[in-house]
Amino acid sequence: MSLLVVGLSHRTAPVGVLERAALTGEVPTRLLHDAAATATVAEAALVNTCNRIELYADVDKFHAGVAELSLLLAHHSGVDLEELTSHLYVHYEDRAVHHLFSVACGLDSMVVGEGQILGQLRDALARAQDEHTAGRGLNELFQQALRVGKRAHSETGIDRAGQSLVTFGLEQVAARTGDVAGKRVLVVGAGSMSSLAAATLVRAGVSDLLIANRTPERAERLVANLGGTGRTLDFAKVPQALADVDLVISCTGAAGVVITAEDAAAAVAARTAEGPLAFLDLAMPRDVHHDVHELPGALLVDIESLSHAHAAATPGTGDVDAVTGIVADEVAAFGAAQRAARIAPTVVALRSMASDVVSGELTRLEARLPDLDERARAEIGQTVRRVVDKLLHAPTVRVKQLAAEPGGASYADALRELFDLDPAAVHAVSGTPAASPGAGPSAFGGAAG
């Protein structure tokens, strides 16, 4: 596998660009299928969250892969390619693996160390599996990324270095309006982020919790999962309900604004409670209109303001450094395992060729010495096979060891050249088609062009 990742995130793009590039509805699935259908891509997976869009692909040509994936991201996001390109990052081979493992550990998150990304990566893999765009390579890669993320959280205190986006957002709201305990809260949406928000609010001791979702059954299921704490609200009644709560948390995944500036203004005017009406908008694209920032009597905390707030924070570095070390070790181990696995078909093909040579020579011996008794024939056959096995043992063991090192693919090439192995035989063992001329560097052993 030659791994390529092309994407943009909160680290490379302003919130305005991320909002316009956000993939909603069926767009992620269409993008995934279009990526997998391109000539240079064998497998594809899409990581699509509120602050990152990343295409992971097994490609046979680096430059063509970058061009095709960038064009697809522009086409499906609706952002002009020239504008989008200035915000894209590209990682290849070991650097791409390093990036994914860092993402899985929460090192690349807006809130460093948050664990929700593991569920989002799990969802990305499940979608690619369901849509049949992920094969063995990406399956192994993402499964290992999930294991690395779990290891980072179990062996270090990275959880202390950061929180979920929900808890970080609630902290920002509480700093301006006071603790959420005893307050009335409306959660708009019933997805993973909204579910996390609702569970966090219940633990924080809110006095009244309303859940509204376009699909009522999902809101009812969320209330049930909370042990019956909270009530459902008809989604159409959200604007009228704003005046009766202290805090609104919204994360619907809708393509447009859910709460308008006019809705917020009317709610503020009708409120009888003291303090501002607070909005925590965790959606991308945004659910709450940006003009609410300027509305007297209202407080809006959204992805953009959270990004600024987190940039000003100074998390501890001890656990982050420990996780960085784990990622480096895991990337090296994964690359070594991939390189070692790549030479295995060549070793099997070599031993198969040697076996064929032995069988052919023994057949010729039988034709020349037809009177040779069965015991002598068996002894000669066993001796010849032992000689061949001993001659091949040291070089095949050593070449496996060397293949695990960076650049190890060249040893497989040398082995095929020295013993004049048929490329078709090697690829028959691995179950993959022979590489075409001009294909990109082999996985985890080449450099980006």
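Colleague: Is Glu 93 buried or exposed?
Modeller: This is a predicted model, and in it Glu 93 counts as buried because its relative accessibility is 2%. The cut-off for buried is under 20%.

Colleague: Where does Glu 93 sit?
Modeller: Glu 93 is in the loop between E4 and H5.

Colleague: Now peptide bonds. Which one is cis?
Modeller: The bond from Met 284 to Pro 285 is cis, with omega near 5°. Most peptide bonds are trans.

Colleague: Where is Pro 285 found?
Modeller: In the loop between strand E9 (277-281) and strand E10 (298-302).

Colleague: Changing topic. How many aromatic pairs does the structure hold?
Modeller: Three. Take Phe 62 and Tyr 92: their ring centres are 4.8 Å apart. Their planes are at 55°, so that pair is tilted.

Colleague: Which parts of the chain does that pair link?
Modeller: Distant parts, 30 residues apart. Phe 62 is in helix H3 (residues 62-77), and Tyr 92 is in strand E4 (residues 89-92).

Colleague: Are Phe 62 and Tyr 92 buried or exposed?
Modeller: Phe 62 and Tyr 92 are both buried.

Colleague: What about Phe 101 and Phe 334?
Modeller: Phe 101 and Phe 334 form an edge-to-face pair. The distance is 5.9 Å centre to centre, with 75° between the planes.

Colleague: How many residues apart are they in the chain?
Modeller: 233 residues apart. Phe 101 is in helix H5 (residues 94-104), and Phe 334 is in helix H15 (residues 318-368). Phe 101 counts as buried, because its relative accessibility is 0%. Phe 334 also counts as buried, at 8%.

Colleague: Let's zoom out. Which residues touch the most other members in the largest nonpolar core?
Modeller: Leu 141, Phe 142, Leu 201, Leu 247 and Ile 249, out of 101 residues in that core. Helix H7 (residues 136-155) gives the most to this core, with seven residues.

Colleague: What is in contact with Leu 201?
Modeller: Setting aside neighbours within four places in sequence, the contacts of Leu 201 are Leu 170, Val 180, Val 185, Val 187, Val 206, Leu 209, Leu 247 and Ile 249. Apart from this core lies another core of 26 residues, among them Leu 233, Leu 242, Ile 259 and Val 288.

Colleague: On to pockets. What is the volume of the second largest pocket?
Modeller: About 990 Å³. Its lining has 36 residues, and Leu 23, Asn 48, Ser 192, Thr 252 and Gly 253 lie nearest its centre.

Colleague: Which elements give two or more residues to that lining?
Modeller: Strand E2 (41-49), strand E3 (52-59), helix H6 (116-130) and helix H10 (192-204). H6 gives the most, with five residues.

Colleague: How do the residues of the lining divide?
Modeller: 16 are nonpolar, 15 polar and five charged.

Colleague: Last one. Where is Ala 412, and what does Ala 412 touch?
Modeller: Ala 412 is in helix H17 (residues 409-418). Not counting residues up to four places away in sequence, Ala 412 touches Ile 343 and Thr 346. Ala 412 counts as buried, because its relative accessibility is 5%.

Colleague: How far apart are Ala 412 and Glu 140?
Modeller: 22 Å in space, C-alpha to C-alpha, and 272 residues in sequence.

Methods:
Residues are numbered from 1 along each chain as its sequence is written. This is a predicted model: local features need pLDDT of at least 70, side-chain atom pairs count only at pLDDT 80 or more; totals for chains, interfaces and linings use all residues. Side-chain values use heavy atoms; hydrogens and water are left out. Helices (H or I, at least four residues) and strands (E, at least two) are DSSP runs, numbered from the N terminus. Buried means under 20% relative accessible area, exposed over 50%, partly exposed in between (1.4 Å probe, protein chains only). Contact means heavy atoms within 4.5 Å. A nonpolar core is a set of buried Ala, Val, Leu, Ile, Met, Phe, Trp, Tyr and Cys residues joined through side-chain atoms within 4.5 Å. On a 1 Å grid over the protein atoms alone, a cavity is a set of points where a 1.4 Å probe fits but cannot get out, and a pocket is an open set with protein on both sides within 12 Å along at least five of seven lines; lining residues have an atom within 4 Å of a point. Grid points are joined across faces, edges and corners, and a volume is the space filled by probe spheres set on the points. Ala, Val, Leu, Ile, Met, Phe, Trp, Tyr, Cys and Pro count as nonpolar, Asp, Glu, Lys and Arg as charged, and the others, Gly among them, as polar. Rings of Phe, Tyr and Trp (its six-membered ring) pair if their centres lie within 6.5 Å; planes under 30 degrees apart count as stacked, over 60 as edge-to-face and the rest as tilted.
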